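Work through the exercises below with the sequence and the 3D structure open. Each task is followed by a solution in steps.

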Amino acid sequence: MAIHPDDYHLSESERNNISVTTKSLFSDLFPLPRSITGDAVRESLSILQKISSFSLQEIPSGTQVFDWIIPPEWNIKDAYILDSSGNKILDFKENTLHLVSYSIPFNKTVSFQELNDHLYTLPDMPEAIPYRTSYYKKDWGFCLKHSQYLKLDRKAKYNVVIDAEFREAGSLTYGEITLPGKKGGKEYIISTYICHPSLANDNLSGPILWIQLLNILKNIPHQHTYRFIIVPETIGALAYLSINQKTVKNITGGLVLTTNAGPGPFGFKETYLGTHILDRTIKQTFSETGIPAVRYPFDINGSDERQFSAPGFRIPMATITKSKYYEYKEYHTSLDNLDFITAENLVDVLQLYLLVLEKLERNYTYTNMFPYGEPQLGRRGLYPQTGGSIQQQAVDLDTDHKKRQYKTADYTMKGNRLDAIRWLLFKSDGNTSLLDIAEQTTISFHELYETAQLLVEQGLIRKESEP
Ligand code: ZN
């Protein structure tokens with residue numbers, strides 16, 4: 001993909017291209033019976049590798065990772081239930097959610113009563129199939145629509161077939177790649193999970209966003225180092241942390257990519273600190289784009305931030321969402337399907353993350369070289385040639401963020417640009433960063449960054465420190 005070498009802003013044609021590949025990734029990946037281990041995970045990772053390369057790690061089953069043990073690898077070939085006339089009443093091949101993930105092999109004719117102990121439905125959502133797993137308890141089960149469950153013959157016998165294999169000598173697979181930054185740069189981790197079967201927003205949207213972000217960031221020069229990891233949730237994050245226990249101490253913070261393509265509101269889950277640079281850059285990004293977002297303060301329920309931010313690591317992790325997990329009724333059901341999400345929603349979140357990364361990358365601090373009053377801007381071509389009135393906008397502090405409109409750089413030296421010049425000169429005391437200035441004014445971070453380049457060229461300010 002051709003990306004401008006220094007661009008965190010997607011053009012219309014870049015957005016369209018990414019939407020096209022996003023759509024085909026959704027349809028290729030959706031049907032695969034992923035779980036925390038197994039060939040469907042490997043196949044999913046190899047589909048993602050076609051967009052952008054990364055390496056694979058295999059952690060043998062039985063390996064101790066902190067308080068956990070990597071389970072035997074699980075592979076599923078087929079699973080169905082036949083009624084007494086031999087009709088398939090449930091078929092895992094029609095929807096991977098029909099089978100409880102990590103079900104043991106089983107082939108037996110059972111009474112309805114015995115079967116009933118292994119059936120899961122959602123009485124409140126009779127047309128949805130629930131998602132259930134049994135990773136660490138040896139059991140089997142099927143999930144089905146409650147409407148279908150009500151029609152089952154209570155007196156009949158059923159033939160249950162689960163053609164599954166547990167490989168004691170198997171392994172857990174995850175993907176990773178590190179994009180090295182420059183000397184003195186910080187280190188961030190960008191993580192997602194790949195263990196859910198046919199569920200679109202939670203969680204297929206995470207891996208697809210992850211690969212699209214990786215593909216773009218590979219082509220942008222950056223100061224910071226970015227570790228991209230794609231793991232099965234919980235056990236995979238623990239495996240990664242266990243293997244990289246020493247080096248993860250250097251990580252400044254990270255992002256967990258999840259639930260980012262649904263029809264619900266934009267949102268962001270804060271880091272456990274709430275005031276980290278990631279919290280600030282995300283808030284500022286929503287503020288200046290004018291996109292309303294739901295703020296979710298850190299909560300101990302959630303995704304892999306539970307592992308990364310645990311006392312032994314304390315890596316602050318944040319997430320930008322579109323229909324956040326737990327917050328929509330289709331969550332973990334068959335209604336979280338390809339009709340629930342859109343590629344365009346995913347690309348919107350991708351753009352927001354890019355604007356966050358731009359802030360992490362370009363958060364310079366400057367010193368004003370003409371601190372004794374204002375320098376003469378007109379002489380330097382930095383003042384509107386035809387003067388007019390400059391109107392100060394009234395700012396209502398409470399609704400301030402709603403009024404802010406993100407603008408791309410305006411080179412006409414009017415309005416916004418002149419304000420940016422004046423604010424930069426006023427605030428550049430060697431201690432105030434671009435992000436500080438963006439937070440304290442109504443000028444977008446990008447406008448400040450572009451303007452700062454101009455002022456450096458003119459010798460009006462000097463770069464004081466790196467992000
Ligand atoms: Zn989930």
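Helices (H or I, at least four residues) and strands (E, at least two) are DSSP runs, numbered from the N terminus. The model is a predicted one.

**Exercise 1.** Find the protein donors of the zinc ion and give their spacing in sequence.

Solution. 
- Step 1. Read along the sequence, the donor residues follow the spacing H-x5-D-x129-H.
- Step 2. His 196 and Asp 202 are both buried.

**Exercise 2.** Which element holds Thr 192, and what does Thr 192 touch?

Solution. 
- Step 1. Thr 192 belongs to strand E11, residues 187-193.
- Step 2. Its relative accessible area is 0%, so Thr 192 is buried.
- Step 3. Neighbours within four places in sequence are set aside; the contacts of Thr 192 are then Gly 206, Pro 207, Trp 210, Ile 229, Ile 230, Val 231 and Leu 257.

**Exercise 3.** Describe how H9 packs against H5 and against H1.

Solution. 
- Step 1. Start with H5 (residues 200-217) and H9 (residues 343-361): the axes are 10 Å apart and the packing angle is about 45°. H5 is therefore oblique to H9.
- Step 2. The crossing of H5 with H9 is right-handed.
- Step 3. On the H5 side the contact includes Ser 205, Ile 208 and Gln 212; on the H9 side it includes Val 349, Tyr 353 and Leu 357. By class, the residues of this contact of H5 with H9 are 11 nonpolar, two polar and no charged.
- Step 4. Now take H1 and H9, whose axes are 9 Å apart at an angle of about 125°. H1 is therefore oblique to H9.
- Step 5. H1 and H9 also make a right-handed crossing.
- Step 6. Arg 15, Ile 18, Ser 19, Thr 22, Lys 23 and Phe 26 of H1 meet Ala 343, Glu 344, Leu 346, Val 347, Asp 348 and Leu 350 of H9. The contact of H1 with H9 has six nonpolar, two polar and four charged residues.

**Exercise 4.** Classify the angle between H11 and H13.

Solution. 
- Step 1. Helix H11 (residues 416-427) and helix H13 (residues 445-457) cross at roughly 70°, and their axes come within 9 Å.
- Step 2. Angles of 65 to 115 degrees count as roughly perpendicular, so H11 is roughly perpendicular to H13.
- Step 3. The contact of H11 with H13 has eight nonpolar, two polar and three charged residues.

**Exercise 5.** Is Lys 324 buried or exposed?

Solution. 
- Step 1. Lys 324 lies in the loop between strand E16 (317-322) and H9.
- Step 2. Its relative accessibility is 6%, so Lys 324 counts as buried.
- Step 3. Neighbours within four places aside, Lys 324 is in contact with Thr 259, Lys 269 and Tyr 296.

Methods:
Residues are numbered from 1 along each chain as its sequence is written. This is a predicted model: local features need pLDDT of at least 70, side-chain atom pairs count only at pLDDT 80 or more; totals for chains, interfaces and linings use all residues. Side-chain values use heavy atoms; hydrogens and water are left out. Axes are lines fitted to C-alpha atoms, for helices over the stretch in contact, and angles run from 0 to 180 degrees between N-to-C directions. Angles under 35 degrees count as roughly parallel, over 145 as roughly antiparallel, 65 to 115 as roughly perpendicular and the rest as oblique. A crossing is left-handed if the near helix is turned anticlockwise from the far one by less than a right angle, and right-handed if clockwise. Contact means heavy atoms within 4.5 Å. Ala, Val, Leu, Ile, Met, Phe, Trp, Tyr, Cys and Pro count as nonpolar, Asp, Glu, Lys and Arg as charged, and the others, Gly among them, as polar. Donors are N, O and S atoms within 2.8 Å of the metal (3.2 Å for Na, K and Ca); water is not among the atoms, so sites may look incomplete. Buried means under 20% relative accessible area, exposed over 50%, partly exposed in between (1.4 Å probe, protein chains only).
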